[in-house]
Amino acid sequence: MLGQVTISVQTEKGRKEFAENEPILVNVILQVKGKDLHQQTPLRLFSTSKFEVLEQGSEQSSFYDEKTGILVNQIHYQTLLRAKKSGKYKIGSASVEVNDKLYYTEPFDIQVYEGGAYAENKNDLSLKLTVDNRSPYQNEKVVAVVTAYSKNIDALKKIRKISLPHHPKIKVLHSDFSKEIVEKNDDIHSQVVAVFTLSPEASGWVKIPSIQGEMNTNSAKLVSNSIQLQVKDIPIAEKKKSEVVGNYEINIRADEKKPPIVGQPYSVFVTIEGEGNLVEKHLPTLKKSAHYKVFPPKVTQNKTNKGTAHILEYIILPKKAGTLQVKTESFIFFNPITESYQEIAPKLVVLNSILPEEDTSSDVVEHDSKDILPSNNQLSKEEKKDSYNFFQQIRPYLQYGFPVVLLVAVFLILRKKKHHNKKHLSAAEQGISSDISKRVMAYLDEMFLSVTERDFDNYFTVYHKLSMYMEKIFSANDDEGILGAIENQCGRNISERYKEIHQKIRLEKFAPHHDTEHFYELTQELKTIMQSIIAEI
(Lines give C-alpha, C1' and ligand atoms only; values in the text may rest on other atoms or scores of the structure.)
Protein backbone atom coordinates (compact mmCIF):
# COMPACT_ATOMS: atom_id res chain seq x y z
CA MET A 1 0.00 0.00 0.00
CA LEU A 2 1.45 3.33 -1.09
CA GLY A 3 0.56 5.99 1.46
CA GLN A 4 1.65 8.00 4.46
CA VAL A 5 0.14 9.70 7.52
CA THR A 6 1.88 12.63 9.22
CA ILE A 7 0.67 14.64 12.17
CA SER A 8 2.46 17.50 13.91
CA VAL A 9 1.85 19.94 16.77
CA GLN A 10 4.12 22.94 17.21
CA THR A 11 4.09 26.51 18.41
CA GLU A 12 4.87 29.37 16.04
CA LYS A 13 8.56 29.16 15.12
CA GLY A 14 8.95 26.30 17.61
CA ARG A 15 9.13 28.66 20.58
CA LYS A 16 9.17 27.14 24.07
CA GLU A 17 9.35 30.31 26.19
CA PHE A 18 6.74 33.05 26.49
CA ALA A 19 6.04 36.14 28.58
CA GLU A 20 3.03 36.21 30.86
CA ASN A 21 -0.10 37.34 28.96
CA GLU A 22 1.65 36.80 25.64
CA PRO A 23 -0.54 34.96 23.09
CA ILE A 24 0.65 31.46 22.15
CA LEU A 25 -0.14 30.24 18.65
CA VAL A 26 -0.23 26.46 18.19
CA ASN A 27 -0.47 24.76 14.77
CA VAL A 28 -1.73 21.21 14.31
CA ILE A 29 -1.30 19.74 10.80
CA LEU A 30 -2.58 16.35 9.67
CA GLN A 31 -1.76 15.00 6.21
CA VAL A 32 -3.13 11.72 4.84
CA LYS A 33 -1.46 10.71 1.53
CA GLY A 34 -2.86 7.93 -0.58
CA LYS A 35 -6.28 6.99 -1.93
CA ASP A 36 -6.31 3.70 -0.01
CA LEU A 37 -5.97 5.40 3.38
CA HIS A 38 -9.22 6.11 5.23
CA GLN A 39 -9.41 8.36 8.26
CA GLN A 40 -11.58 6.59 10.83
CA THR A 41 -11.70 9.19 13.61
CA PRO A 42 -11.73 12.95 13.76
CA LEU A 43 -8.51 14.71 14.69
CA ARG A 44 -8.28 14.59 18.48
CA LEU A 45 -6.66 17.67 20.01
CA PHE A 46 -4.80 18.25 23.24
CA SER A 47 -6.52 19.68 26.31
CA THR A 48 -6.68 23.48 26.59
CA SER A 49 -8.28 23.58 30.07
CA LYS A 50 -5.27 25.35 31.62
CA PHE A 51 -5.26 28.03 28.93
CA GLU A 52 -7.53 30.85 27.88
CA VAL A 53 -8.59 30.22 24.28
CA LEU A 54 -8.49 33.52 22.35
CA GLU A 55 -9.23 32.23 18.87
CA GLN A 56 -9.37 28.93 17.02
CA GLY A 57 -10.21 27.60 13.58
CA SER A 58 -9.44 24.92 11.01
CA GLU A 59 -9.27 24.44 7.26
CA GLN A 60 -9.37 21.29 5.15
CA SER A 61 -7.90 21.03 1.66
CA SER A 62 -6.92 18.40 -0.94
CA PHE A 63 -4.17 18.53 -3.51
CA TYR A 64 -1.82 16.30 -5.49
CA ASP A 65 1.79 15.96 -4.42
CA GLU A 66 3.98 17.32 -7.24
CA LYS A 67 6.69 14.71 -6.92
CA THR A 68 4.61 11.55 -6.45
CA GLY A 69 1.26 12.56 -7.98
CA ILE A 70 -0.49 11.12 -4.88
CA LEU A 71 -3.64 12.77 -3.53
CA VAL A 72 -3.08 14.51 -0.17
CA ASN A 73 -5.89 15.34 2.27
CA GLN A 74 -4.81 17.98 4.76
CA ILE A 75 -6.32 19.44 7.92
CA HIS A 76 -4.71 22.56 9.38
CA TYR A 77 -5.92 23.53 12.84
CA GLN A 78 -4.83 26.72 14.63
CA THR A 79 -5.53 27.81 18.17
CA LEU A 80 -4.45 31.02 19.89
CA LEU A 81 -3.96 30.52 23.64
CA ARG A 82 -2.95 32.56 26.64
CA ALA A 83 -1.59 31.05 29.89
CA LYS A 84 -3.65 31.98 32.95
CA LYS A 85 -0.50 32.55 35.00
CA SER A 86 3.25 32.07 34.85
CA GLY A 87 4.78 28.60 35.13
CA LYS A 88 5.39 25.42 33.13
CA TYR A 89 2.63 24.15 30.81
CA LYS A 90 2.30 20.95 28.80
CA ILE A 91 1.06 20.97 25.23
CA GLY A 92 -0.51 17.54 24.98
CA SER A 93 -0.57 15.14 22.05
CA ALA A 94 -2.94 15.15 19.08
CA SER A 95 -4.06 11.84 17.56
CA VAL A 96 -6.02 10.27 14.71
CA GLU A 97 -6.87 6.70 13.64
CA VAL A 98 -6.32 5.75 9.99
CA ASN A 99 -6.87 2.22 8.61
CA ASP A 100 -7.07 0.80 12.18
CA LYS A 101 -3.77 2.37 13.15
CA LEU A 102 -3.36 5.13 15.75
CA TYR A 103 -1.12 8.08 14.89
CA TYR A 104 -0.21 10.61 17.58
CA THR A 105 2.29 13.32 18.54
CA GLU A 106 4.54 13.54 21.57
CA PRO A 107 3.61 16.14 24.21
CA PHE A 108 6.08 18.93 25.00
CA ASP A 109 6.49 21.61 27.63
CA ILE A 110 6.53 25.38 27.36
CA GLN A 111 7.59 27.94 29.97
CA VAL A 112 5.65 31.12 30.74
CA TYR A 113 7.61 33.76 32.64
CA GLU A 114 6.24 36.49 34.80
CA GLY A 115 6.70 40.05 33.46
CA GLY A 116 7.84 40.96 29.95
CA ALA A 117 6.81 43.74 27.60
CA TYR A 118 3.21 42.63 27.23
CA ALA A 119 2.60 42.31 30.97
CA GLU A 120 4.46 45.51 31.85
CA ASN A 121 2.42 47.70 29.58
CA LYS A 122 -0.77 45.69 29.94
CA ASN A 123 -1.27 45.98 26.21
CA ASP A 124 -2.55 42.40 26.06
CA LEU A 125 -2.21 42.44 22.27
CA SER A 126 -1.87 39.74 19.65
CA LEU A 127 -2.00 39.58 15.86
CA LYS A 128 -3.53 36.85 13.74
CA LEU A 129 -3.10 36.34 9.99
CA THR A 130 -5.82 34.65 7.92
CA VAL A 131 -6.21 34.12 4.17
CA ASP A 132 -9.22 33.51 1.95
CA ASN A 133 -7.55 30.67 0.02
CA ARG A 134 -4.77 28.31 1.15
CA SER A 135 -4.59 26.42 -2.16
CA PRO A 136 -4.48 29.08 -4.86
CA TYR A 137 -3.16 28.72 -8.38
CA GLN A 138 0.12 30.34 -9.29
CA ASN A 139 -0.45 34.12 -9.74
CA GLU A 140 -3.98 33.85 -8.35
CA LYS A 141 -5.01 36.62 -5.99
CA VAL A 142 -4.98 35.82 -2.26
CA VAL A 143 -6.45 38.19 0.33
CA ALA A 144 -4.57 38.14 3.65
CA VAL A 145 -6.27 39.78 6.64
CA VAL A 146 -4.41 40.86 9.79
CA THR A 147 -6.57 41.07 12.94
CA ALA A 148 -5.51 42.43 16.33
CA TYR A 149 -6.96 40.93 19.55
CA SER A 150 -6.98 42.34 23.08
CA LYS A 151 -9.07 42.37 26.25
CA ASN A 152 -8.30 46.06 26.57
CA ILE A 153 -9.93 48.09 23.78
CA ASP A 154 -7.53 50.99 24.36
CA ALA A 155 -4.57 48.71 23.61
CA LEU A 156 -5.75 48.41 19.99
CA LYS A 157 -5.11 52.13 19.55
CA LYS A 158 -1.42 51.64 20.37
CA ILE A 159 -0.66 49.72 17.18
CA ARG A 160 1.39 52.11 15.08
CA LYS A 161 2.72 50.21 12.08
CA ILE A 162 1.96 46.91 10.33
CA SER A 163 4.43 45.45 7.83
CA LEU A 164 4.75 42.32 5.71
CA PRO A 165 8.36 41.10 5.32
CA HIS A 166 9.58 40.69 1.75
CA HIS A 167 9.24 37.25 0.18
CA PRO A 168 10.84 36.51 -3.22
CA LYS A 169 7.95 34.26 -4.30
CA ILE A 170 5.10 36.56 -3.21
CA LYS A 171 4.04 39.74 -5.01
CA VAL A 172 2.09 42.33 -3.01
CA LEU A 173 -0.62 43.70 -5.31
CA HIS A 174 -2.26 46.04 -2.80
CA SER A 175 -2.01 47.05 0.86
CA ASP A 176 -4.78 48.62 2.94
CA PHE A 177 -3.99 49.85 6.46
CA SER A 178 -7.32 51.49 7.25
CA LYS A 179 -8.66 50.13 10.53
CA GLU A 180 -12.13 48.68 10.67
CA ILE A 181 -14.74 48.87 13.45
CA VAL A 182 -13.79 47.15 16.71
CA GLU A 183 -15.81 44.00 17.40
CA LYS A 184 -16.27 42.18 20.71
CA ASN A 185 -16.67 38.46 21.33
CA ASP A 186 -17.11 37.57 25.01
CA ASP A 187 -14.43 39.72 26.67
CA ILE A 188 -12.04 39.86 23.68
CA HIS A 189 -11.94 42.90 21.40
CA SER A 190 -10.79 42.45 17.80
CA GLN A 191 -10.04 44.83 14.94
CA VAL A 192 -8.83 44.33 11.37
CA VAL A 193 -5.68 46.46 11.11
CA ALA A 194 -4.39 45.53 7.64
CA VAL A 195 -5.43 43.74 4.45
CA PHE A 196 -2.84 42.56 1.93
CA THR A 197 -3.73 41.42 -1.59
CA LEU A 198 -1.04 38.92 -2.59
CA SER A 199 -0.11 36.82 -5.59
CA PRO A 200 2.16 33.75 -5.25
CA GLU A 201 4.55 33.67 -8.21
CA ALA A 202 5.73 30.08 -7.79
CA SER A 203 3.96 26.77 -7.37
CA GLY A 204 4.50 24.38 -4.46
CA TRP A 205 4.71 25.25 -0.79
CA VAL A 206 4.95 29.02 -0.31
CA LYS A 207 5.03 30.47 3.19
CA ILE A 208 3.50 33.88 3.93
CA PRO A 209 5.87 35.25 6.58
CA SER A 210 4.68 36.49 9.96
CA ILE A 211 3.22 39.97 9.94
CA GLN A 212 5.03 42.42 12.18
CA GLY A 213 3.43 45.19 14.20
CA GLU A 214 4.96 48.10 16.10
CA MET A 215 3.47 49.91 19.09
CA ASN A 216 3.64 53.61 19.86
CA THR A 217 4.37 53.15 23.57
CA ASN A 218 7.66 51.23 23.52
CA SER A 219 9.99 49.22 21.36
CA ALA A 220 8.05 45.99 21.77
CA LYS A 221 6.94 44.31 18.53
CA LEU A 222 3.94 42.19 17.71
CA VAL A 223 4.36 39.11 15.54
CA SER A 224 1.53 37.19 13.91
CA ASN A 225 1.42 33.62 12.77
CA SER A 226 2.71 32.64 9.33
CA ILE A 227 0.65 30.67 6.80
CA GLN A 228 1.74 27.96 4.37
CA LEU A 229 0.13 28.08 0.93
CA GLN A 230 -0.05 25.02 -1.29
CA VAL A 231 0.19 26.79 -4.65
CA LYS A 232 -1.09 24.85 -7.66
CA ASP A 233 0.68 25.18 -11.00
CA ILE A 234 -1.30 26.60 -13.92
CA PRO A 235 -1.68 24.15 -16.80
CA ILE A 236 0.42 25.10 -19.82
CA ALA A 237 -1.89 25.51 -22.80
CA GLU A 238 -0.34 25.90 -26.24
CA LYS A 239 -0.26 29.57 -27.40
CA LYS A 240 -2.36 30.60 -24.41
CA LYS A 241 0.19 31.18 -21.67
CA SER A 242 -0.84 34.14 -19.50
CA GLU A 243 0.14 35.45 -16.09
CA VAL A 244 -3.33 36.92 -15.56
CA VAL A 245 -5.48 34.82 -13.22
CA GLY A 246 -9.07 35.69 -12.39
CA ASN A 247 -12.36 36.32 -14.18
CA TYR A 248 -12.90 39.40 -16.38
CA GLU A 249 -15.18 41.20 -18.83
CA ILE A 250 -14.13 43.88 -21.36
CA ASN A 251 -16.07 46.57 -23.22
CA ILE A 252 -15.11 49.53 -25.40
CA ARG A 253 -16.82 52.86 -26.11
CA ALA A 254 -16.00 56.17 -27.77
CA ASP A 255 -16.36 59.79 -26.70
CA GLU A 256 -19.96 60.62 -27.60
CA LYS A 257 -19.62 64.40 -27.11
CA LYS A 258 -17.97 65.05 -30.48
CA PRO A 259 -16.89 63.24 -33.66
CA PRO A 260 -13.22 62.35 -34.22
CA ILE A 261 -11.39 64.97 -36.28
CA VAL A 262 -8.33 64.28 -38.44
CA GLY A 263 -5.14 65.35 -36.65
CA GLN A 264 -6.89 66.09 -33.35
CA PRO A 265 -6.90 63.98 -30.16
CA TYR A 266 -9.94 61.79 -29.54
CA SER A 267 -10.80 59.63 -26.52
CA VAL A 268 -11.63 55.91 -26.66
CA PHE A 269 -12.50 54.20 -23.36
CA VAL A 270 -11.72 50.53 -22.63
CA THR A 271 -13.10 49.05 -19.39
CA ILE A 272 -11.95 45.72 -17.94
CA GLU A 273 -13.97 44.58 -14.95
CA GLY A 274 -13.58 41.58 -12.66
CA GLU A 275 -11.60 40.00 -9.85
CA GLY A 276 -8.04 38.71 -10.00
CA ASN A 277 -4.35 39.63 -10.04
CA LEU A 278 -4.53 42.19 -12.86
CA VAL A 279 -1.75 44.81 -12.81
CA GLU A 280 -1.00 47.72 -15.15
CA LYS A 281 1.43 45.89 -17.44
CA HIS A 282 -1.27 43.30 -18.29
CA LEU A 283 -4.10 45.74 -19.06
CA PRO A 284 -5.82 45.34 -22.46
CA THR A 285 -4.36 47.34 -25.34
CA LEU A 286 -5.68 48.86 -28.58
CA LYS A 287 -4.57 47.40 -31.89
CA LYS A 288 -2.21 49.62 -33.87
CA SER A 289 -3.44 50.94 -37.20
CA ALA A 290 -2.13 52.90 -40.15
CA HIS A 291 -5.27 55.05 -39.95
CA TYR A 292 -4.72 56.42 -36.44
CA LYS A 293 -1.99 56.83 -33.83
CA VAL A 294 -2.47 55.46 -30.29
CA PHE A 295 -1.05 57.05 -27.13
CA PRO A 296 -0.63 55.36 -23.70
CA PRO A 297 -3.85 55.35 -21.65
CA LYS A 298 -4.81 57.23 -18.52
CA VAL A 299 -5.98 54.57 -16.01
CA THR A 300 -8.56 55.01 -13.25
CA GLN A 301 -10.15 52.43 -10.97
CA ASN A 302 -13.38 52.02 -9.06
CA LYS A 303 -15.13 49.25 -7.16
CA THR A 304 -18.17 47.51 -8.68
CA ASN A 305 -20.39 44.58 -7.77
CA LYS A 306 -18.18 42.43 -10.03
CA GLY A 307 -14.90 43.44 -8.37
CA THR A 308 -12.64 46.19 -9.67
CA ALA A 309 -13.18 48.16 -12.87
CA HIS A 310 -10.05 49.48 -14.62
CA ILE A 311 -11.05 52.31 -17.00
CA LEU A 312 -8.46 53.04 -19.69
CA GLU A 313 -8.80 56.33 -21.59
CA TYR A 314 -6.82 55.88 -24.79
CA ILE A 315 -6.04 58.94 -26.94
CA ILE A 316 -6.00 58.37 -30.68
CA LEU A 317 -5.08 60.78 -33.50
CA PRO A 318 -7.04 60.01 -36.71
CA LYS A 319 -4.89 60.24 -39.84
CA LYS A 320 -7.70 60.08 -42.41
CA ALA A 321 -11.34 61.03 -42.78
CA GLY A 322 -13.95 58.31 -43.04
CA THR A 323 -14.64 55.05 -41.24
CA LEU A 324 -12.22 53.99 -38.50
CA GLN A 325 -12.40 50.57 -36.85
CA VAL A 326 -10.79 50.76 -33.41
CA LYS A 327 -10.22 47.35 -31.79
CA THR A 328 -8.74 45.93 -28.62
CA GLU A 329 -6.21 43.11 -28.72
CA SER A 330 -7.52 39.70 -27.64
CA PHE A 331 -7.21 39.17 -23.88
CA ILE A 332 -6.29 35.80 -22.31
CA PHE A 333 -6.53 34.83 -18.66
CA PHE A 334 -6.67 31.68 -16.53
CA ASN A 335 -9.99 31.22 -14.71
CA PRO A 336 -9.42 29.35 -11.41
CA ILE A 337 -13.15 28.59 -11.13
CA THR A 338 -13.34 26.69 -14.42
CA GLU A 339 -9.64 25.72 -14.14
CA SER A 340 -9.10 26.62 -17.78
CA TYR A 341 -7.85 29.43 -20.01
CA GLN A 342 -10.39 31.86 -21.40
CA GLU A 343 -9.97 34.30 -24.26
CA ILE A 344 -11.93 37.51 -24.76
CA ALA A 345 -12.16 38.27 -28.48
CA PRO A 346 -11.22 41.78 -29.70
CA LYS A 347 -13.86 44.42 -28.91
CA LEU A 348 -14.72 46.86 -31.72
CA VAL A 349 -16.00 50.44 -31.96
CA VAL A 350 -16.64 51.99 -35.39
CA LEU A 351 -15.97 55.72 -35.76
CA ASN A 352 -16.55 58.21 -38.57
CA SER A 353 -13.75 60.79 -38.57
CA ILE A 354 -14.14 64.16 -40.28
CA LEU A 355 -11.83 66.87 -41.58
CA PRO A 356 -11.17 69.96 -39.40
CA GLU A 357 -13.10 72.24 -41.78
CA GLU A 358 -16.18 70.04 -41.32
CA ASP A 359 -16.19 70.58 -37.54
CA THR A 360 -19.09 72.77 -36.39
CA SER A 361 -18.60 72.35 -32.64
CA SER A 362 -16.01 75.12 -32.11
CA ASP A 363 -16.79 77.77 -29.54
CA VAL A 364 -15.80 81.02 -31.27
CA VAL A 365 -16.30 84.40 -29.60
CA GLU A 366 -17.77 87.04 -31.92
CA HIS A 367 -17.15 90.79 -31.55
CA ASP A 368 -19.67 93.40 -32.67
CA SER A 369 -17.68 96.38 -33.95
CA LYS A 370 -20.64 98.75 -33.79
CA ASP A 371 -20.48 98.53 -29.98
CA ILE A 372 -16.87 99.68 -30.04
CA LEU A 373 -16.35 101.93 -33.08
CA PRO A 374 -18.38 105.20 -33.08
CA SER A 375 -19.54 106.60 -36.42
CA ASN A 376 -17.29 109.32 -37.84
CA ASN A 377 -20.25 111.56 -38.75
CA GLN A 378 -21.72 111.50 -35.25
CA LEU A 379 -20.67 114.55 -33.21
CA SER A 380 -21.35 115.08 -29.53
CA LYS A 381 -22.96 118.21 -28.12
CA GLU A 382 -19.59 119.52 -27.03
CA GLU A 383 -18.23 119.02 -30.57
CA LYS A 384 -21.15 120.97 -32.03
CA LYS A 385 -20.63 123.73 -29.44
CA ASP A 386 -16.95 123.93 -30.38
CA SER A 387 -17.88 124.42 -34.05
CA TYR A 388 -20.39 127.18 -33.17
CA ASN A 389 -17.84 129.08 -31.06
CA PHE A 390 -15.32 128.84 -33.87
CA PHE A 391 -17.64 130.52 -36.36
CA GLN A 392 -18.46 133.23 -33.81
CA GLN A 393 -14.76 134.00 -33.56
CA ILE A 394 -14.15 134.44 -37.31
CA ARG A 395 -17.39 136.33 -38.06
CA PRO A 396 -15.97 139.91 -37.52
CA TYR A 397 -13.26 139.20 -40.04
CA LEU A 398 -15.51 138.04 -42.85
CA GLN A 399 -16.22 141.60 -44.02
CA TYR A 400 -12.52 142.40 -44.51
CA GLY A 401 -11.57 139.66 -46.90
CA PHE A 402 -14.20 137.16 -47.54
CA PRO A 403 -12.31 135.00 -50.04
CA VAL A 404 -9.17 134.76 -47.90
CA VAL A 405 -11.04 134.25 -44.71
CA LEU A 406 -13.21 131.61 -46.36
CA LEU A 407 -10.14 129.61 -47.38
CA VAL A 408 -8.69 129.90 -43.87
CA ALA A 409 -11.98 128.81 -42.34
CA VAL A 410 -12.24 125.76 -44.58
CA PHE A 411 -8.63 124.78 -43.73
CA LEU A 412 -9.24 125.10 -39.98
CA ILE A 413 -12.51 123.18 -40.12
CA LEU A 414 -10.93 120.29 -42.04
CA ARG A 415 -7.97 120.21 -39.65
CA LYS A 416 -10.28 120.21 -36.61
CA LYS A 417 -12.47 117.48 -38.10
CA LYS A 418 -9.37 115.37 -38.88
CA HIS A 419 -8.23 115.80 -35.28
CA HIS A 420 -11.62 114.64 -34.00
CA ASN A 421 -11.61 111.63 -36.32
CA LYS A 422 -8.08 110.68 -35.26
CA LYS A 423 -9.05 111.05 -31.60
CA HIS A 424 -12.08 108.79 -32.01
CA LEU A 425 -10.17 106.19 -34.06
CA SER A 426 -7.46 105.98 -31.38
CA ALA A 427 -10.09 105.49 -28.69
CA ALA A 428 -11.75 102.73 -30.74
CA GLU A 429 -8.45 100.92 -31.23
CA GLN A 430 -7.77 101.12 -27.49
CA GLY A 431 -11.26 99.78 -26.82
CA ILE A 432 -10.67 96.77 -29.09
CA SER A 433 -7.27 96.06 -27.53
CA SER A 434 -8.72 96.33 -24.04
CA ASP A 435 -11.57 93.94 -24.90
CA ILE A 436 -9.15 91.38 -26.40
CA SER A 437 -6.97 91.59 -23.31
CA LYS A 438 -9.94 90.99 -21.02
CA ARG A 439 -11.13 87.94 -22.99
CA VAL A 440 -7.65 86.41 -23.23
CA MET A 441 -6.99 86.95 -19.51
CA ALA A 442 -10.38 85.40 -18.71
CA TYR A 443 -9.38 82.25 -20.61
CA LEU A 444 -6.00 82.17 -18.85
CA ASP A 445 -7.59 82.63 -15.42
CA GLU A 446 -9.87 79.67 -16.09
CA MET A 447 -6.87 77.59 -17.17
CA PHE A 448 -5.04 78.45 -13.92
CA LEU A 449 -8.17 77.46 -11.95
CA SER A 450 -8.38 74.14 -13.82
CA VAL A 451 -4.78 73.39 -12.84
CA THR A 452 -5.53 74.16 -9.19
CA GLU A 453 -8.53 71.82 -9.26
CA ARG A 454 -6.59 69.23 -11.36
CA ASP A 455 -9.38 69.34 -13.94
CA PHE A 456 -7.11 68.84 -16.94
CA ASP A 457 -9.96 67.94 -19.30
CA ASN A 458 -11.40 71.41 -18.76
CA TYR A 459 -7.90 72.91 -19.08
CA PHE A 460 -7.52 71.61 -22.63
CA THR A 461 -11.10 72.56 -23.51
CA VAL A 462 -10.45 76.18 -22.46
CA TYR A 463 -7.12 76.22 -24.30
CA HIS A 464 -8.93 75.08 -27.47
CA LYS A 465 -11.35 78.00 -27.06
CA LEU A 466 -8.41 80.39 -26.66
CA SER A 467 -6.80 79.02 -29.84
CA MET A 468 -10.05 79.50 -31.78
CA TYR A 469 -10.31 83.04 -30.43
CA MET A 470 -6.77 83.76 -31.68
CA GLU A 471 -7.85 82.59 -35.15
CA LYS A 472 -10.74 85.05 -35.02
CA ILE A 473 -8.53 87.95 -33.90
CA PHE A 474 -6.03 87.47 -36.75
CA SER A 475 -8.60 86.29 -39.35
CA ALA A 476 -6.70 83.03 -39.72
CA ASN A 477 -8.00 79.57 -40.61
CA ASP A 478 -5.33 77.44 -38.92
CA ASP A 479 -2.19 77.46 -36.76
CA GLU A 480 0.05 78.48 -39.69
CA GLY A 481 -2.17 81.47 -40.40
CA ILE A 482 -2.00 82.59 -36.76
CA LEU A 483 1.81 82.25 -36.68
CA GLY A 484 2.15 84.25 -39.91
CA ALA A 485 -0.09 87.05 -38.61
CA ILE A 486 1.75 87.19 -35.26
CA GLU A 487 5.09 87.37 -37.08
CA ASN A 488 3.85 90.25 -39.27
CA GLN A 489 2.46 92.30 -36.38
CA CYS A 490 4.65 91.26 -33.42
CA GLY A 491 7.88 90.00 -34.90
CA ARG A 492 9.50 86.63 -35.51
CA ASN A 493 10.69 86.17 -31.90
CA ILE A 494 7.17 86.34 -30.41
CA SER A 495 5.83 84.13 -33.22
CA GLU A 496 8.44 81.43 -32.45
CA ARG A 497 7.69 81.61 -28.72
CA TYR A 498 3.94 81.23 -29.38
CA LYS A 499 4.60 78.23 -31.65
CA GLU A 500 6.80 76.59 -29.00
CA ILE A 501 4.33 76.97 -26.11
CA HIS A 502 1.49 75.81 -28.38
CA GLN A 503 3.40 72.59 -29.15
CA LYS A 504 4.26 72.01 -25.47
CA ILE A 505 0.61 72.25 -24.35
CA ARG A 506 -0.63 70.00 -27.15
CA LEU A 507 1.95 67.34 -26.24
CA GLU A 508 0.80 67.42 -22.60
CA LYS A 509 -2.67 66.44 -23.82
CA PHE A 510 -1.33 62.97 -24.63
CA ALA A 511 0.80 62.50 -21.51
CA PRO A 512 -0.45 59.58 -19.32
CA HIS A 513 0.16 61.61 -16.14
CA HIS A 514 -0.10 65.37 -15.49
CA ASP A 515 2.12 67.27 -13.07
CA THR A 516 0.40 70.28 -11.47
CA GLU A 517 3.57 72.33 -11.02
CA HIS A 518 4.58 71.78 -14.66
CA PHE A 519 1.14 72.97 -15.83
CA TYR A 520 1.44 76.13 -13.71
CA GLU A 521 4.77 76.88 -15.41
CA LEU A 522 3.34 76.26 -18.90
CA THR A 523 0.33 78.49 -18.26
CA GLN A 524 2.48 81.28 -16.81
CA GLU A 525 4.72 81.11 -19.90
CA LEU A 526 1.64 81.26 -22.14
CA LYS A 527 0.35 84.28 -20.20
CA THR A 528 3.64 86.17 -20.71
CA ILE A 529 3.58 85.47 -24.46
CA MET A 530 -0.09 86.49 -24.79
CA GLN A 531 0.64 89.79 -23.00
CA SER A 532 3.44 90.48 -25.50
CA ILE A 533 1.09 89.76 -28.43
CA ILE A 534 -1.72 91.96 -27.08
CA ALA A 535 0.71 94.84 -26.53
CA GLU A 536 1.58 94.81 -30.26
CA ILE A 537 -1.97 94.52 -31.63
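Angles under 35 degrees count as roughly parallel, over 145 as roughly antiparallel, 65 to 115 as roughly perpendicular and the rest as oblique. The model is predicted, so that local features need pLDDT of at least 70 and side-chain atom pairs pLDDT 80 or more, while totals for chains, interfaces and linings use all residues. Residues are numbered from 1 along each chain as its sequence is written, and side-chain values use heavy atoms, without hydrogens and water.

**Helix contact**

- Helix α4 (residues 456-473) and helix α7 (residues 516-536) have axes that come within 13 Å and cross at roughly 15°.
- α4 and α7 are therefore roughly parallel to each other.
- Contact (heavy atoms within 4.5 Å) involves, among others, Phe-456, Tyr-459 and Phe-460 of α4 and Thr-516, Phe-519 and Thr-523 of α7.

**Strand pair**

- Five of the six residues of strand β10 (residues 126-131) are buried, where buried means under 20% relative accessible area, exposed over 50% and partly exposed in between (1.4 Å probe, protein chains only).
- β10 pairs with strand β11 (residues 142-150) in the antiparallel sense over six bridges; pairing requires at least two DSSP bridges between two strands.
- Lys-128 stands opposite Thr-147 in β11.

**Positive phi in loops**

- Asn-99, in the loop between β7 (95-98) and β8 (101-104), is not a glycine but has a positive phi near 50°.
- Asn-99 counts as partly exposed at 29% relative accessibility.
- Glu-339 lies in the loop between β25 (331-335) and β26 (340-344) and has a positive phi of about 55°.
- Glu-339 is partly exposed, with a relative accessible area of 45%.

Technical notes
Axes fitted to C-alpha atoms, helices over the stretch in contact; angles between N-to-C directions. Helix = DSSP H or I, 4+ residues; strand = E, 2+ residues; numbered from the N terminus.
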